[in-house]
Amino acid sequence: MKRFAAIALVLILGASFPLEARNLPVKIGKTAFVFLRNSDEPEKLPALRIENSGEEAAEFAAVTTLTRPDGSVAERFEAVFPVAPGESATVDLFGGKRREVKGEILLLHTKLQAKDGEKGEISGIYGTPAPVERGKAGLVGMNVHLSRYRASTRWKLLQMMKEAGVTTVRVDSVFPSPLKPEARRDAVDKLRDDILALEAFGLHSLVCIAYFNEPFFLSPVKQEMAYEWAKILAASVKGRTGFHFGNETNSGWGGYG
């Protein structure tokens, strides 16, 4: 019965968790917060960038935790960050005591509170990549859309899928606009983030390369571009995932494929 309930939870994930702004800055009043990180260095913990666009000084209490997949807290840090009006600051959440996560994968979760009591949170997943081999049989999580959620929510979703007996999760990747190099980088970053999160729970990933956007479709060299994009993706996560190409190409979801 417990196993059935867990599987049922996986099937209604979309209804249980509202969509979130995954990579946009977190805002408290007139102050924005964002992690400064590089997906090429998944073990390196990020600095926190704070930008106060208001006309008054701001001060924020921060409680930061590093949590293991089993829910236990590896470390906890507390700090207070003042920011002058109209100014920005880049701060170390760990006071120089922790720079990286090695040999494991942890959830970094920072809860912020302003002096007036307004709250916000920001999260990320960091650690040493741990490729998971595809099993001979298993339960595949489809249309989970991990990239739509902030890291702390992804962590909860993966805990539920692990309990439900899921062994493989499909990760979606689109063909980014050929006119926007930053879109290609963002697509790779999201893919690496999702795979690292799955590895934390011992789940194999299956990357779906699908959805041609209109600029891609209209290009006279779209086949060559698709080939080159597949090579970029394969190189960026070499040895860490499986791939399949195309999805619902006769339904409209596949876009211009």
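Visitor: Which strands are joined by three bridges here, and in what sense do they run?

Guide: In this predicted model, strand 9 (residues 139-141) and strand 10 run parallel and are joined by three bridges. Val-140 has Thr-168 of strand 10 opposite it.

Visitor: Is strand 10 enclosed or open to the outside?

Guide: Buried means under 20% relative accessible area. Strand 10 covers residues 166-175, and seven of its 10 residues are buried, so the strand is largely enclosed by the rest of the structure.

Visitor: How is an open sheet read, and what is the strand order in this one?

Guide: Start with the general idea. In a regular strand the side chains alternate between the two faces of the sheet. In this structure, four strands form an open sheet with antiparallel pairing, in the order 1-2-3-6. Strand 1 (26-28) and strand 6 (88-91) are at the edges; each has a single partner strand, so one side of each lacks a neighbour in the sheet. On average, neighbouring strands of this sheet are turned by 20° against each other, direction ignored.

Visitor: How many bridges hold strand 3 and strand 6 in their pairing?

Guide: Four bridges, in the antiparallel sense, link strand 3 (residues 47-52) with strand 6. Glu-51 has Ser-88 as its bridge partner in strand 6.

Visitor: Where is Thr-31, and is it buried or exposed?

Guide: Thr-31 lies in strand 2 (residues 31-36). Its relative accessibility is 2%, so Thr-31 counts as buried. Leaving aside neighbours within four places in sequence, Thr-31 is in contact with Val-26, Ile-50, Glu-51, Asn-52, Ala-58 and Phe-60. Glu-51 in that list is the residue whose bridge partner in strand 6 is Ser-88.

Visitor: What can be said of Thr-65 in the same way?

Guide: Thr-65 belongs to strand 4 (residues 58-67). With 16% relative accessibility, Thr-65 counts as buried. Not counting residues up to four places away in sequence, Thr-65 touches Val-73, Glu-75, Arg-76, Leu-107, Leu-108 and His-109.

Visitor: Turning to helices, at what angle do helix 3 and helix 4 pack?

Guide: Helix 3 (residues 151-164) and helix 4 (residues 181-200) pack at about 45°, and their axes are 10 Å apart. That angle makes helix 3 oblique to helix 4. The crossing of helix 3 past helix 4 is right-handed.

Visitor: Which residues meet where helix 3 and helix 4 come into contact?

Guide: From helix 3 come Arg-154, Trp-155 and Leu-158; from helix 4 come Asp-193, Asp-194, Ala-197, Leu-198 and Ala-200. The residues of this contact divide into five nonpolar, three charged and no polar.

Visitor: Where is Pro-215, and how far is its C-alpha atom from that of Ser-177?

Guide: Pro-215 sits in helix 5 (residues 214-218). A relative accessible area of 34% makes Pro-215 partly exposed. Pro-215 and Ser-177 are 38 residues apart along the chain, and their C-alpha atoms are separated by 6.1 Å.

Visitor: How many helices and strands does the protein have, and what share of its residues is buried?

Guide: The protein has six helices and 12 strands. Of its 257 residues, 43% are buried. Among contacts in the protein with a separation of 6 or more, 72% are between residues 24 or more positions apart.

Definitions and conventions
Residues numbered from 1 in each chain as written. Predicted model: local features only at pLDDT ≥ 70, side-chain atom pairs only at ≥ 80, totals over all residues. Heavy atoms only, no water. Axes fitted to C-alpha atoms, helices over the stretch in contact; angles between N-to-C directions. Helix = DSSP H or I, 4+ residues; strand = E, 2+ residues; numbered from the N terminus. Parallel < 35°, antiparallel > 145°, perpendicular 65-115°, else oblique. Left-handed = near helix turned anticlockwise from the far one by under 90°. Contact = heavy atoms within 4.5 Å. Nonpolar A, V, L, I, M, F, W, Y, C, P; charged D, E, K, R; others polar. Buried < 20%, exposed > 50% of the residue type's maximum accessible area, 1.4 Å probe, protein only. Pairing = 2+ DSSP bridges.
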